[in-house]
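These are my notebook entries on one structure, set down in the order of looking things up.

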Amino acid sequence: MRKAREVASAKAAGVYATAGCLSATLSHAHPKRTSSLPEHIAIVLWLPESPRASADSSIAVRLGSILPAIQRALLSSESAPPAIFVIDCSPLMPSSGSARAIMDKEISDSGADRHLGKQISKPVSRVLDRLCSGYRGSITLFGIQESAPLALCLLEHGAKWGTVTRAALLKPHLSSAAVNALLVKPAQAKVTLDVLYESERDCQRRDGAVRHSYPDGTSHVLDSHVTVGRALHAALLSLGTADLRGTLLEAGGASLQLDPDEIDLSGRAVWWSEWSFELNTRTKQPQTVVSSLNAREVARAVSPPEAAPPQPLAAAAGAAKGVDQQKWVGALVLRGNRCVLARSLDSPRAWLGMRIPRAALRPSESEADAALRAAMDSCDIDESYKDTELERLPAIPPAALHIGETGEASFALIHPLYAARPPPPGALEDADLTDDEDSYDWYTWPRAVHVLRHDAASLAALRTLACGVAAAVGAGAVASKWGGYFGQEWLLATPPAP
């Protein structure tokens, strides 16, 4: 009771500090159960020397530099664990403290008396104890830069919270204190340890001691352009495989981006949650509290726009009275039972996630021509091929995509178009692959509805167009081919009216 009162008093005074915990889970729906975890999870320790944001910022802001890597790994590889937890140690740091200095002191002290340090190591171990209480699966532990010594310290002195079968150190800062305290004899923890060094010099100085304590595992030197996020992405992708080197060679220099609407081929998305561990005031027992995080808010926290992103339709709706307002036109490109949705590749991005292609109507340009141009721009079709790649569908009327809240200029007319060429050979599902470096992807009705689930206006326009497509197919004006027609999964599942 005394401890609970002290914690409550510290929280009320705003001086209570605890490590944060964020999870990313690949699933069809937001996980609601906290009592069971998948058979394999990854835990990433985050302790930056120079934090990205202040301790009172949201956890997504503080972890923004590595969250895109986590989403990309979950969506693109079956070898990545289906649940990844990030333990954010930055709230434990004093405002003027050095993570390296504090860890050096705690590691030296733990080597002398085998007790975890009170500033960082013990609070983090306590969070892990509660997170993994009763867990019987396998854990892969990641230590990044300044948190690498913390990972080794927990493996040696505090890993009572689960079965750690593998560990990875990414760009580790291993001081002389860490080597003398943790790497002078074979480690008690029998784990496979992979190390990704920042430079050849670091590898030459530290790898001998690392391999003396942890003989199992591989060591690599990262190219100078590989960021922490890219290194984490490569390490997550290589879990369960022996091709860490090959994965590293494929790691590009471009930064990874977090797409709040992206799903995998099975229709699963990455769901974000914040975990806290509190004392139940009635039972006086620790309880786990899981708070769902909105994917779009996480994306905004990761990549805050340098300036207000272009919002042409909303801006037009709010234009001053008496000023000519811009008109907008869009295109829904169809191919069988699939449609095209576009993403922005600009930096900063003009919009988040996927959307129906649209463009501003030019002077003396017809709406039909503007819709064709919007489709060509989004699908990267050269002007010389506009008459051979896309076909107009005059039998299907356009639908209004309402953007703004007021004014006639707050909508775009979306014209349906049809791909002239058939899908590539092979299963139709092969064309559903998501490529975040391409300006567009193909979506069936269920996948389009899922990826646009936060955009009610676009969903309304899609429903209107799907009804128009079905009517045209029923009248024989549009063919049902290449998988059927767009919207059939919705319309054929809807019972006819009595």
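Entry 1: terms and basis. I took a salt bridge to be a side-chain nitrogen of Lys or Arg within 4 Å of a carboxyl oxygen of Asp or Glu. I noted that this is a predicted model, in which local features need pLDDT of at least 70 and side-chain atom pairs count only at pLDDT 80 or more, whereas totals for chains, interfaces and linings use all residues. Residues are numbered from 1 along each chain as its sequence is written, and side-chain values use heavy atoms, with hydrogens and water left out.

Entry 2: salt bridges. I searched the whole structure and found 13 salt bridges. I looked up R72 and found its side chain paired with that of D436, at 3.4 Å from N to O. R72 belongs to helix 3 (residues 67-76) and D436 to the loop between strand 16 (411-419) and strand 17 (440-444), so this pair ties together parts that are 364 residues apart in sequence. Helices (H or I, at least four residues) and strands (E, at least two) are DSSP runs, numbered from the N terminus.

I then checked burial, where buried means under 20% relative accessible area, exposed over 50%, and partly exposed in between (1.4 Å probe, protein chains only). R72 counts as buried because its relative accessibility is 8%. D436 has a relative accessible area of 27% and is therefore partly exposed. I also recorded that R72, E262 and D436 are linked in a network of salt bridges.

Next I examined D432, which forms a salt bridge with R338; their closest N and O atoms are 2.8 Å apart. D432 lies in the loop between strand 16 and strand 17, and R338 in strand 11 (residues 338-343), so the pair ties together parts 94 residues apart in sequence. Both D432 and R338 are buried.

I looked up R296 as well; its side chain meets that of D261 in a salt bridge of 2.8 Å, N to O. R296 is in helix 11 (residues 295-302) and D261 in the loop between helix 10 (244-250) and strand 8 (269-279), a link between distant parts of the chain, 35 residues apart. Both R296 and D261 are buried.

Entry 3: a helix pair. I found that helix 5 (residues 121-131) and helix 6 (residues 148-157) pack at an angle of about 65 degrees, with their axes 11 Å apart. Axes are lines fitted to C-alpha atoms, for helices over the stretch in contact, and angles run from 0 to 180 degrees between N-to-C directions. I listed S121, V124, S125 and L128 of helix 5 and L150, C153 and L154 of helix 6 as making the contact, which means heavy atoms within 4.5 Å. The residues of this contact divide into five nonpolar, two polar and no charged.

Entry 4: A189. I located A189 in the loop between helix 7 (176-182) and strand 6 (192-197). A189 counts as buried because its relative accessibility is 16%. Leaving aside neighbours within four places in sequence, A189 is in contact with L155, E156 and Y214. I also noted 8.4 Å between the C-alpha atoms of A189 and V164, which are 25 residues apart along the chain.

Entry 5: the whole chain. I counted 17 helices and 17 strands in the protein chain. Of its 498 residues, 49% are buried. Among contacts with a separation of 6 or more, 75% come from residues 24 or more positions apart.

Conventions: Ala, Val, Leu, Ile, Met, Phe, Trp, Tyr, Cys and Pro count as nonpolar, Asp, Glu, Lys and Arg as charged, and the others, Gly among them, as polar.
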